[in-house]
Amino acid sequence: MEKSSPRMTGGTREAPVNASPAVASNAEGEEIEVLESTDVLPVAPEDQWKSLFDKYDPENSGFISTERFRDLLATHGSELDPHKLEVLLALADGNADGKICYQDFVNLMSNKRSNSFRRAILQGSRQLKGCSLRDEAGLGLSQRLVRHVAYETLPREVDRKWYFDSYTYCPPPWFILAITIAEVAVFMYYGFQLDRLVLQVSSPSFLKSPLPYHPQLRAQAWRYLSYIFMHTGIEHLSLNMAMQLLVGVPLEMVHGALRIGLVYVCGVLAGSLAVSVTDMTAPVVGSSGGVYALVSAHLANVVMNWSGMKCQFKLFRMAMALVCMSVEFGRAVWLRFYPPAFPPCPNPSFVAHLGGVVVGLTLGVVVLQNYEQRLQEQSLFWIFFCVYTLFVLCAVFWNIFAYSLLDVRLPPPP
């Protein structure tokens with residue numbers, strides 16, 4: 001059998017020619033590779049897929065055999081990215097039931113996250129031979145960036161190829177970029193207003209802003225989230241923004257703004273609530289809760305999929321990320337116990353960092369581990385989400401009743 005590889009013309013991939021799929025058994029069942037094929041399938045709306053599916057399902061059972069599914073791929077084709085074809089062929093070859101469900105078929109063709117092809121891979125224990133995404137040449141700058149992001153964040157070759165063909169830069173990673181721009185803009189505004197960029201927290205007017213969390217003003221609920229726009233100084237802002245952009249933007253490109261925004265906001269809220277429960281007299285500023293949620297989730301995902309992660313210098317880069325996190329956390333601990341400029345109000349707390357880490361190691365890991373799957377289908381996601389919701393409810397009741405019951409001496413309002 002003669003192999004062929006895809007040709008590149010002006011950065012655009014052409015469908016490979018004169019090749020057919022070949023299947024070899026693989027005990028691990030973890031990664032998929034494929035021989036390129038001329039069989040391609042046009043992307044169409046769901047009603048067209050239904051019409052096409054019905055031709056191969058005259059009994060209207062909602063299923064077609066894997067043999068008919070392969071015939072469908074062979075006869076109805078003009079434009080389907082070759083890597084998506086690999087996944088469809090894997091679905092046909094790896095399905096242990098011998099049947100393809102209509103909804104699985106539509107999900108795959110509509111680029112919807114689904115369990116379908118992962119089930120096919122694991123049940124079938126197949127390995128389809130073909131070239132790695134890293135070996136493709138002639139890619140444009142934007143394609144190389146997408147390929148780089150795929151290798152930075154995804155542990156399986158089939159996921160990387162699927163993402164490479166699916167990603168369109170529309171929408172762009174707007175959430176992390178918008179949050180970062182807003183945080184820098186607010187910092188610069190208060191930098192000019194307070195006439196200082198280093199250790200802004202030492203200014204007597206710093207906590208008078210409507211944004212930071214302050215224990216005396218904890219009834220103002222927006223402060224549990226808005227505190228991320230204030231930072232103690234340019235050293236605090238710089239470390240947070242560097243980690244937020246370097247980790248957050250690639251993660252959002254792969255997993256989308258909704259999922260990454262969920263992890264980020266949950267980390268932010270957990271950070272301020274953790275402070276209100278464990279460090280009851282301290283204010284909170286900085287985006288460290290959200291940043292640490294993303295970074296800790298990503299690092300945990302890398303460790304859990306160490307052999308599958310193909311990013312370059314991963315051990316060195318992981319060590320550097322841990323160093324940056326340690327430096328930022330050490331700075332926060334030092335500042336918390338440093339004599340405050342305006343006693344009796346203490347300096348901002350460091351506990352928000354720990355709240356973000358806990359969210360990242362629970363909810364965040366579940367999100368990053370399930371790139372192509374629906375979160376609502378994952379029992380572990382619901383377990384962690386319920387635990388998180390219970391924590392939020394307990395923290396709310398704590399803020400309502402515990403301060404008066406414990407007779408906590410709070411600093412005066414700013």
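I sorted the lining of the largest pocket by class and found 17 nonpolar, 3 polar and 3 charged residues. The model is predicted. I looked up the pocket's volume next: about 500 Å³. Its lining comes to 23 residues, and Leu246, Val247, His298, Arg317 and Ala321 lie nearest the centre. Helix 6 (141–153), helix 10 (234–278), helix 11 (288–304) and helix 12 (314–337) each give two or more residues to this lining. Which helix gives the most? I found helix 10, with 7 residues.

**Serine 349.** I located serine 349 in the loop between helix 12 and helix 13 (351–369). Is serine 349 buried or exposed? Its relative accessible area is 5%, under the 20% cut-off, so I noted it as buried. A polar atom of its side chain lies 3.1 Å from the backbone nitrogen of valine 351. Leaving aside neighbours within four places in sequence, I listed its contacts as Val275, Asp279, Ala282, Pro283 and Arg336.

**Aromatic pairs.** I found 14 aromatic pairs in the structure. In one, phenylalanine 337 and phenylalanine 350 have ring centres 6.0 Å apart and planes at 50 degrees, so I marked the pair as tilted. Phenylalanine 337 sits in helix 12 and phenylalanine 350 in the loop between helix 12 and helix 13, 13 residues apart. I checked accessibility too: phenylalanine 337 is exposed at 60%, whereas phenylalanine 350 is buried at 16%.

Then I turned to phenylalanine 397 and phenylalanine 401, a stacked pair with 6.2 Å between centres and 10 degrees between planes. They are 4 residues apart in helix 14 (residues 379–405), so about one helical turn separates them. Phenylalanine 401 is partly exposed, at 45%. Last, I noted a cluster of Tyr163, Tyr167, Tyr169 and Tyr371, linked by ring pairs.

Technical notes:
Residues are numbered from 1 along each chain as its sequence is written. This is a predicted model: local features need pLDDT of at least 70, side-chain atom pairs count only at pLDDT 80 or more; totals for chains, interfaces and linings use all residues. Side-chain values use heavy atoms; hydrogens and water are left out. On a 1 Å grid over the protein atoms alone, a cavity is a set of points where a 1.4 Å probe fits but cannot get out, and a pocket is an open set with protein on both sides within 12 Å along at least five of seven lines; lining residues have an atom within 4 Å of a point. Grid points are joined across faces, edges and corners, and a volume is the space filled by probe spheres set on the points. Ala, Val, Leu, Ile, Met, Phe, Trp, Tyr, Cys and Pro count as nonpolar, Asp, Glu, Lys and Arg as charged, and the others, Gly among them, as polar. Buried means under 20% relative accessible area, exposed over 50%, partly exposed in between (1.4 Å probe, protein chains only). A polar contact is a pair of N or O atoms within 3.5 Å; within protein, one must be able to donate a hydrogen and the other to accept it, and residues adjacent in sequence count only if both atoms are side-chain atoms. Contact means heavy atoms within 4.5 Å. Rings of Phe, Tyr and Trp (its six-membered ring) pair if their centres lie within 6.5 Å; planes under 30 degrees apart count as stacked, over 60 as edge-to-face and the rest as tilted.
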